[in-house]
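Open the model in your viewer and keep the selection tool at hand. The stops below go from confidence to folds to one helix.

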Amino acid sequence: MTVTDVRKDPDALSMTLTAEFDASPERVWQLWADPRLLERWWGPPTYPATVDSHDLRVGGRVEYHMTGPEGDQPHGYWEVTEADPPHSLAFRDGFANDDGTPNPDLPTTEARVTIEEISDGRTRMSIDSIFPSTKAMEQLLAMGVEEGFTLALGQIDAILAEDAVRSA
Amino acid sequence: MQTTGPDFDRVFAALGDATRRDIVRRAIAGVEGVAELADHYPMSFAAVQKHVAVLERAGLVTKQRSGRRKVVRTHVEGLRAAQRLLDRYEELWRGRIDRMTALITTTKERNK
């Protein structure tokens, strides 16, 4: 079992996931720093990722797209806000237009990765993710996690909205 | 009844039916029992009871005692999306971690 801890805070819309690997911090960092390796784990099998450009320096960008079962290709990008190889990486993960430019109409997620050696050859990696809204989470997850998910979520929203009207 | 993440698929499967969505809406008021709810639909009491049971299993409604009657009440908290979204997000990351682990294992072997 490699995931050792998951903390979810629905109020703060955040999640911290911790995992351990039998590898050095450098090797774990490589999974982020090597675009060919990154694209082998970032996308789920139904939505494999292709990294179009990759610069993990502060201020740099990573541009990628995913390819869905219907041939749909959602684009995304990271804006690197912190990079300290092989120990930490922070970036804003956003949606992009087909030409790779950020789509400002869709929200971004803040992600922070910390990588530390806990013993010889064993490394702990933590991912902190913060979402600006449930809408943002929904959009992110709609990008390749489950078809029909957004639809079902819309149904919940509609029911909750109706409840709010009634209580008003 | 509901503690950590309820079964997300079950919630959405339950909400995938128009009659059940309508029951969830009506039960927000929490004044009608199964028999009264059944009066709203052109189907048998047993059929409505079945729908309510599906909603109950999904944690979307509960039956509560109100005097001598039992009313069906929507568990509004059960509708809250955030926890379930986080569950999905967790799954997404668990998948990623699995793939990372597999990559580390294969690259390690290759380097040997």
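The mean for chain B is 80, and 76% of its residues reach 70 or more. Now select residues 1–6 of chain B: pLDDT is below 50 there. Beyond near neighbours in sequence, this stretch has 12 contacts in the model (a contact is two residues whose C-beta atoms, placed from the backbone, lie within 7 Å).

This is a predicted model: local features need pLDDT of at least 70, side-chain atom pairs count only at pLDDT 80 or more, and totals for chains, interfaces and linings use all residues. Residues are numbered from 1 along each chain as its sequence is written, while chains are lettered from A and ligands numbered from 1 in the order in which they are written. For the complex, the predictor gives an ipTM of 0.73 and a pTM of 0.61.

Next, select chain A. Look for 4 helices and 8 strands (DSSP runs, numbered from the N terminus: helices are H or I with at least four residues, strands E with at least two). From the N terminus the order is β-β-α-α-β-β-β-β-β-β-α-α. Of its 168 residues, 29% are buried (20 or more other C-beta atoms within 10 Å of the residue's own, with C-beta atoms placed from the backbone).

Return to chain B and select helix α4, residues 45–57. Which residues of α4(B) are buried? They are B:Val48, B:His51, B:Val52 and B:Leu55.

Definitions and conventions. A residue is buried if 20 or more other C-beta atoms lie within 10 Å of its own, exposed if 12 or fewer, and partly exposed in between; C-beta atoms are placed from the backbone. pLDDT is the predictor's confidence in each residue, from 0 to 100. The expected span of a helix is 1.5 Å times one less than its number of residues.
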